[in-house]
Amino acid sequence: MPTCKLSGPKRPLFAARVRRLFRRAPNLNDGSKMLDIQLPDGTVVSHPDDATPLSVANAIGSRLAKAVIAAKVGTSVIDASRPLKPFSNGSPIPLRLLTEKDPEALDVLRHSSAHIMARAVMRIFPDVSLAFGPTISNGFYYDFFLPHKLTEEDFAKIEQEMAAIIAKAEPFEQFSLDREQAVSLCKDMNQGLKVEHIQTGLASHPELGFYRQGEFVDLCRGPHIPDAGRVKAFKIMSVAGSHWKGDMSGPQLQRLYGTAWFDKKDLQAHLDQLEEAKKRDHRVLGKKLGLYQITPDVGQGMCLWMPKGARVRSLLEDFLRREMLKRGYEPVYSPHLGRVELYETSGHFPYYRDSQFPPLFVHDAGALVDAWARRLSEDEDFGPKQETMFLQAAEVLGFDAQTYSKAEGKEAKLAALNDWQRNHERFLVKPMNCPHHAQIFKAQPRSYRDLPLRLFEFGTVYRYEQTGELNGMLRVRGLTQDDAHIFCTADQVEEEFRNTIELTRFVLESVGLQDYRVQLSLRDPKSDKYVGSEENWQKAEAALRRVLEESGLNFNAAEGEAAFYGPKADFMVRDCIGRHWQLGTVQLDYNLPERFQLEYTGADNKSHRPVMIHRAPFGSMERFVGMLIEHFAGAFPMWLAPEQIRICPLSEKTNDYALELQKLFTEAGFRVTTDLRGAKVQAKIRDAQLDLIPYMAVIGPKEAETRSIALRDRIAGELGTKPLDEVFAMLSQEVATRQIRQVAERKFAEPPPASESSSHEY
Ligand SMILES: [Zn+2]
Ligand SMILES: [Zn+2]
């Protein structure tokens, strides 16, 4: 890692250089030809060949021109002032003008805000070195190399400077330089990290783009908003440590996070949402309510389900199991390990090796032979000395080196190592359930009369997630999927898809998630990377579309988003505070049946390949329950609450009646405890409220005598004294109908959806 030079700025020199560059900007208008531009409604308009999105907007109307933030040509987002001519290829240029309403525009606004923030920081701390400033979900950040340690105390000053920059509303101007000029400009600006990036990461770029805004110039691919005045609301959120290009041994940087919006109301809605999300953090509530634990003794990313959390999970599993049995699924079980060869056949190994736990070898030399083979195949250069050392170590561990020693050349050596490995047992902790289920299909001859075959399992799989990626229950290393695989004929795909969509919908609505849409991922019609026959794809895509149209679900089709092995549908769910979660997936697969050579005998007595459908309405139990804790803020509805009723006797005198009640409730299938402490009943009620128990049964001498209950509802408060029968009937009804009563105390205005993240950097 080359070090970056961090001496003081030489502003005058660099400003003069930038001015010179602007004078040299070529005039693209030769005044002769016209450009054909196709607008989103299909109309084609002709414009002079120096047309820009802005000039096209102006021709439509000056109000539109003022509203334009950026533009989209095909799939690329560009500056409103970018010439369109380079996009012409004989057919009309497909142009969409982006205004504040488009999520892509928000992303452009945020990245521009990152420039504005960097400019403000540079004004306050002239010795800053800029690293990268991409957008992230709901905001942006910029990484700085800066001797001054940024703290929250600096935020107001930086924000003030940003406000001053925004008030001047200077334009963002793009220019390009050849490599030599680019390096020299970055050197003039004392931007050592940018110089290093041009020389290493961007070594293959003959030309580099820059953006200038006032005195501030940044190496950038863009696009940007027309001028800084478009930023209507922004806030610096936090600061954290980071490293240049994520390399822990590289320079330590400071990452300043911010957010920006087109409207102050949207910013406020976002801040309110964050505030509410903090209160609902499943990591805090999970611990406080005794739902789950992750301890260093067991390991990071390994979830321990405490009795109360396990209760919630088993209720969800029982619920789903009942539903699946009703819908013709059959339960199966498979072990947590499988032979490495199984995953070689499925393609999960070695392709996804980096996100899996390493293979387990029964033979002592296994891991060493595997490591040596991997290094060789990755073209690492080893001398004869290292090879001798490997052989000695391997022989100590019992490796028979005869074949390997005779092998000449890399390929032959690799073959010898791989043969040895194949002759010795090795296993993977299961990264996926699919190969196991494919083997269950294959374990006996199948006829078309057996199809569809729907196999389900709450199958635990293991993924080696990076430590930094782990996040409570939402991102773990061992997770249980509510997995199922449907094996069917191509003709049955439509019906099976309809059933899985219907099941997913039912499951989500049963936990009160009513607000969702479906993203249908389809093929890119221009690509040939897909497996499976053209006919099957066409049929399946049409069927999926038809099912979603008939379902009345809110869905959008995304061309080019399908995996190479089949189209899929994802459920994007919005929780009670407006956050989006991807839950529930239905995925068609033409690949695994091929790889595992799955077959069934058709009515024609010939062999056919089945289609496989992977589906998981919850996704994983860990992530789903983590999400539910946040959605309900820990207050699970009656049907899912780990403890549904707490009996609070007024004094010792009514303990007997309380314990009798506990027995009656338990026998009727309720989850109930009794608070027998000598404390005052007010204290017992307060604790039950804090534990988020849906109902409290307060028992005094009067209730004991009349065999009744003074019922208290966690949400509504006192419900008055009621006879036992009435209480049982009322609570049973609430459970049976899976009633969801309170989710959020108030409604959250939703800021416009924003793209997950994007890089405007090279
Ligand atoms: Zn930029
Ligand atoms: Zn699967």
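Trainee: In which sense do β25 and strand β28 (residues 611–616) pair, and over how many bridges?

Mentor: Strands pair when DSSP finds at least two bridges between them; β25 and β28 do this in the antiparallel sense, over five bridges. Strands are DSSP runs of E with at least two residues, helices runs of H or I with at least four, both numbered from the N terminus. In β28, histidine 614 is the bridge partner of glutamine 587. Remember that this is a predicted model, where local features need pLDDT of at least 70 and side-chain atom pairs pLDDT 80 or more, while totals for chains, interfaces and linings use all residues. Residues count from 1 along each chain as written, chains are lettered from A and ligands numbered from 1 in written order, and side-chain values use heavy atoms, without hydrogens and water.

Trainee: Which strand forms a hairpin with β25?

Mentor: Strand β24 (residues 568–574), pairing with β25 in the antiparallel sense over seven bridges. Alanine 569 faces valine 586 of β25 there. Five residues separate the two strands, and glycine 578 in the turn has a positive phi of about 90°.

Trainee: Why is β25 described as largely enclosed by the rest of the structure?

Mentor: Buried means under 20% relative accessible area, with a 1.4 Å probe and protein chains only. Seven of the ten residues of β25 are buried, so the strand is largely enclosed.

Trainee: Which residues are the protein donors of the zinc ion (ligand 2)?

Mentor: Donors are N, O and S atoms within 2.8 Å of the metal (3.2 Å for Na, K and Ca); water is not among the atoms, so sites may look incomplete. Here they are Cys434 (SG), His485 (NE2) and His614 (ND1), at 2.0 to 2.4 Å. In sequence, the donor residues are spaced C-x50-H-x128-H. Cysteine 434 belongs to helix α16 (residues 434–442) and histidine 485 to strand β21, 51 residues apart. Cysteine 434 counts as buried at 5% relative accessibility, and histidine 485 does too, at 0%.

Trainee: At what angle do helix α4 (residues 103–124) and helix α5 (residues 152–168) pack?

Mentor: Two packed helices are described by the angle and the distance between their axes. Axes are lines fitted to C-alpha atoms over the stretch in contact (heavy atoms within 4.5 Å), and angles run from 0 to 180 degrees between N-to-C directions. For α4 and α5 the angle is about 115°, with the axes 8 Å apart.

Conventions:
Buried < 20%, exposed > 50% of the residue type's maximum accessible area, 1.4 Å probe, protein only.
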